[in-house]
Amino acid sequence: MDWDIILPLGVCVVLPVMIVWLVTRARQNETNKKTEIMLKAIEAGATLDANLFKDAHKKQKSTKERLLNRLVWGCATSLLGVALATLGIVLWVNWNGTTSNDSFVVPLIFAGIFLAIGIALFTGFFVGRKMLAMEMEAEAKALEQK
């Protein structure tokens with residue numbers, strides 16, 4: 001048997017399918033447990049909590065949190081883009097023609113992609129900060145009142 005093809009197939013095909021199946025099964029089991037609890041509560045005549053089926057995992061993010069998330073991702077992708085650009089430039093300067101020019105072109109292409117994404121996220125952060133200043137103030141006041 002040719003193991004050179006089986007290992008990549010296992011990693012690229014079977015592993016993702018198994019992960020999706022396990023996550024789906026876990027969610028289905030969680031829903032089944034909640035359904036069972038609701039049915040028993042209905043049979044017992046107890047009052048029902050309408051928030052039982054809402055996702056407890058998904059917390060509603062505030063406007064400020066979403067903007068800060070953009071800033072963090074903008075910093076990360078821009079830093080990665082600068083690092084790749086530096087790597088590409090260093091490889092280009094040290095290129096002596098004996099190797100393929102892909103050794104410096106590929107990092108520069110990826111650097112451009114990551115820098116473009118980082119700049120877009122920075123732009124979204126700064127524009128959003130200006131446009132959503134009133135909403136952030138309202139959310140802060142609502143949190144103070146609670």
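The protein chain comprises four helices and zero strands, where helices (H or I, at least four residues) and strands (E, at least two) are DSSP runs numbered from the N terminus. Read along the sequence, these elements follow the pattern α-α-α-α. The model is predicted, so that local features need pLDDT of at least 70 and side-chain atom pairs count only at pLDDT 80 or more, whereas totals for chains, interfaces and linings use all residues. Residues are numbered from 1 along each chain as its sequence is written, and side-chain values use heavy atoms, with hydrogens and water left out.

The C-alpha atoms of the protein chain fill a box of roughly 80 × 60 × 15 Å along the principal axes. Of the 146 residues, 13% count as buried (buried means under 20% relative accessible area, exposed over 50%, and partly exposed in between, with a 1.4 Å probe and protein chains only). Among contacts with a separation of 6 or more, 59% come from residues 24 or more positions apart, contact meaning heavy atoms within 4.5 Å.

The axes of helix α3 (residues 102-131) and helix α4 (residues 133-145) come within 4 Å and cross at roughly 65°. Axes are lines fitted to C-alpha atoms, for helices over the stretch in contact, and angles run from 0 to 180 degrees between N-to-C directions. Helices α3 and α4 are therefore roughly perpendicular to each other (angles under 35 degrees count as roughly parallel, over 145 as roughly antiparallel, 65 to 115 as roughly perpendicular and the rest as oblique). Arg129, Lys130 and Met131 of α3 make the contact with Ala133, Glu135 and Met136 of α4.

One aromatic pair is found in a search of the whole structure. Phenylalanine 125 and phenylalanine 126 form this pair, edge-to-face, at 4.9 Å centre to centre and with 70° between the planes. Rings of Phe, Tyr and Trp (its six-membered ring) pair if their centres lie within 6.5 Å; planes under 30 degrees apart count as stacked, over 60 as edge-to-face and the rest as tilted. Phenylalanine 125 is buried, at 7% relative accessible area, whereas phenylalanine 126 is partly exposed, at 41%.

Cysteine 75 lies in helix α2 (residues 63-93) and is partly exposed, with a relative accessible area of 39%. The C-alpha atoms of cysteine 75 and leucine 143 are separated by 28 Å.
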